[in-house]
Amino acid sequence: LVFARKPAPVAITWLGYWNTTGMTTVDYVLTDPWTTPEGSPQRFTEAPLRLPDSRFCYAPVTYAPEVAPLPSASGRTFTFGSFNRYDKLGPGVLDAWAGILQRVPLSRLIIKNSAIAIPQARDALSLQFAARGIAPDRIELRARSPHAAMLAEYGDIDLGLDTFPYNGGLT
């Protein structure tokens, strides 16, 4: 309600939204050429203000591990992975990932998120891959862990897979 009343002469949105606020009382959205390219089909009520580089400021956490060598470089099975939320794993995503695993026959997939700790969610995901012809031993399901441990687990993955239409924002 505060923004609906236009509490300042100029209002700018930045990091909280990946898209429009939909409010005509917000004048600008701070963005960049990659998030909102010129000619993008994104529709904004705000006027895009494009920074020349990235709109993000990033500094790794002090406990971030060193970048690990690719698991397959040491002869291990090529491993895909995704640490996206469970609710992003829709039928289209699972179809695509199963298709990738079918095209790379000896590969496996690690899926990690907090819902994996729930037996029903874990079982449902396993059944969905089985229904797509993917053997259970090719899917490794991991539950949530502390942030430092999660960052280290990226070292178990050769190639990250993202979800769609709503992708991972932080990874």
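## Thr163

Thr163 is buried, at 4% relative accessibility, since buried means under 20%. This is a predicted model. Thr163 lies in the segment after β7 (159–160).

The side chain of Thr163 makes a polar contact: the backbone oxygen of Tyr166 is 2.7 Å away. Leaving aside residues up to four places away in sequence, Thr163 touches Asn84, Lys88, Leu89, Val93, Trp97 and Gly168.

## The three-stranded sheet

An open sheet is built from three strands, ordered β1-β2-β3. Their pairing is parallel. The edges are β1 (12–13) and β3 (47–50). Each has a single partner strand, so one side of each lacks a neighbour in the sheet.

Strand β2 spans residues 28–31. Four bridges join β2 to β3, and the two run parallel. In this pairing, Tyr28 stands opposite Ala47 of β3. Strands of a sheet pair through backbone hydrogen bonds, either parallel or antiparallel.

## Salt bridges around Arg142

The model has nine salt bridges. Side chains of opposite charge can pair when their charged atoms come close. Arg142 takes part in salt bridges with Glu140, Glu153 and Asp156.

Glu140 and Arg142 have their closest N and O atoms 2.7 Å apart. Arg142 is buried, with a relative accessible area of 13%. Glu140 is partly exposed, at 27%. The cut-off explains the two labels: buried means under 20%, and partly exposed lies between that and the exposed class, over 50%.

## Links across the chain

Glu153 meets Arg142 in a salt bridge at 2.8 Å, N to O. This pair links distant parts of the chain. Glu153 sits in helix α3 (residues 147–153), Arg142 in strand β6 (residues 139–142), and eleven residues separate them. Glu153 is buried, with a relative accessible area of 13%.

Asp156 also forms a salt bridge with Arg142, and the closest N and O atoms are 2.8 Å apart. Here too the pair links distant parts of the chain. Asp156 is in the loop between α3 and β7, 14 residues from Arg142 in strand β6. Asp156 is partly exposed, with a relative accessible area of 21%.

## The network

Which residues are linked in a network of salt bridges? They are Arg108, Lys112, Glu140, Arg142, Glu153 and Asp156. Within this group, Arg142 and Glu153 are buried, whereas Glu140 and Asp156 are partly exposed.

Notes: Residues are numbered from 1 along each chain as its sequence is written. This is a predicted model: local features need pLDDT of at least 70, side-chain atom pairs count only at pLDDT 80 or more; totals for chains, interfaces and linings use all residues. Side-chain values use heavy atoms; hydrogens and water are left out. Buried means under 20% relative accessible area, exposed over 50%, partly exposed in between (1.4 Å probe, protein chains only). A polar contact is a pair of N or O atoms within 3.5 Å; within protein, one must be able to donate a hydrogen and the other to accept it, and residues adjacent in sequence count only if both atoms are side-chain atoms. Contact means heavy atoms within 4.5 Å. Two strands pair if DSSP finds at least two bridges between them. A salt bridge is a side-chain nitrogen of Lys or Arg within 4 Å of a carboxyl oxygen of Asp or Glu.
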